[in-house]
Amino acid sequence: LTTSRQRAATAFSVGLVRSRSSTASTRRFAAASSMAEKVLANPKWPDEWPYSEDDFKRMDESSDAIFYDSPRLCYHIDDAAVSALTEYYSTCFKDGENVLDLCSSWVSHYPKDWKGGENVVGL
């Protein structure tokens, strides 16, 4: 059995938090977790901080409010990617499931015939 923390972490890794997790997702999470544990077991840190303050400056230091003043309804992925994502969702979404979509869009990528649960939220 998986814990709710494992299910949440598994779903987060694909950009979604769902109300239940598949066995395959759980195995992927376990494999990724094991690899992360190995990498973090003996990290190699540089003797000195390798970055300057300039490395963290934005190319455009103007206020973010200016950027968000007008809506930008653009597509971030092409039609083939939308179709692939919709097909993937059709294999893992079950009718009635709750979804927190952490990478939502103004264009739905959910299967057209999918009936979501009481809580389907996009951020």
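Me: What pLDDT does the protein chain average, and what share of the residues score at least 70?
Reply: The protein chain averages a pLDDT of 78, and 73% of the residues score at least 70, where pLDDT is the predictor's confidence in each residue, from 0 to 100. This is a predicted model, in which local features need pLDDT of at least 70 and side-chain atom pairs count only at pLDDT 80 or more, while totals for chains, interfaces and linings use all residues. Residues are numbered from 1 along each chain as its sequence is written, and side-chain values use heavy atoms, with hydrogens and water left out.

Me: Where does pLDDT stay under 50?
Reply: That happens over residues 16-21, for which the model has 27 contacts beyond four places in sequence, a contact being heavy atoms within 4.5 Å. Where pLDDT is low, the predicted coordinates should not be read in detail.

Me: OK, salt bridges next. How many does the structure hold?
Reply: The structure holds 3 salt bridges, each defined as a side-chain nitrogen of Lys or Arg within 4 Å of a carboxyl oxygen of Asp or Glu. One of them joins the side chains of Lys-57 and Asp-54, with 3.2 Å from N to O.

Me: Are Lys-57 and Asp-54 buried or exposed?
Reply: Lys-57 is exposed, with a relative accessible area of 54%, and Asp-54 is exposed, with a relative accessible area of 54%. Here buried means under 20% relative accessible area, exposed means over 50%, and partly exposed is in between, using a 1.4 Å probe and protein chains only.

Me: Which residues are linked in a network of salt bridges?
Reply: The network links Arg-58, Glu-61 and Asp-64. Arg-58 meets Asp-64 at 2.7 Å, N to O, and in the salt bridge between Arg-58 and Glu-61 the closest N and O atoms are 3.9 Å apart. Arg-58 is partly exposed at 39% relative accessible area, and Asp-64 is also partly exposed, at 42%.

Me: Switching to rings, how many aromatic pairs are there?
Reply: The structure holds 11 aromatic pairs, where rings of Phe, Tyr and Trp (its six-membered ring) pair if their centres lie within 6.5 Å, and planes under 30 degrees apart count as stacked, over 60 as edge-to-face and the rest as tilted. Among them are Tyr-88 and Tyr-89, whose ring centres are 6.1 Å apart with planes at 50°, so this pair is tilted.

Me: And why is the pair of Tyr-89 and Tyr-110 called tilted?
Reply: The ring planes of Tyr-89 and Tyr-110 are at 55°, with centres 5.8 Å apart, so the pair counts as tilted. This pair links distant parts of the chain, 21 residues apart, with Tyr-89 in helix α4 (residues 79-92) and Tyr-110 in the loop between β2 and β3 (120-122). Helices (H or I, at least four residues) and strands (E, at least two) are DSSP runs, numbered from the N terminus.

Me: What joins the side chains of Asp-101 and Tyr-110?
Reply: A polar contact of 3.1 Å joins them, meaning a pair of N or O atoms within 3.5 Å; within protein, one must be able to donate a hydrogen and the other to accept it, and residues adjacent in sequence count only if both atoms are side-chain atoms. Asp-101 lies in strand β2 (residues 99-101) and is buried at 7% relative accessible area, while Tyr-110 is buried at 19%.
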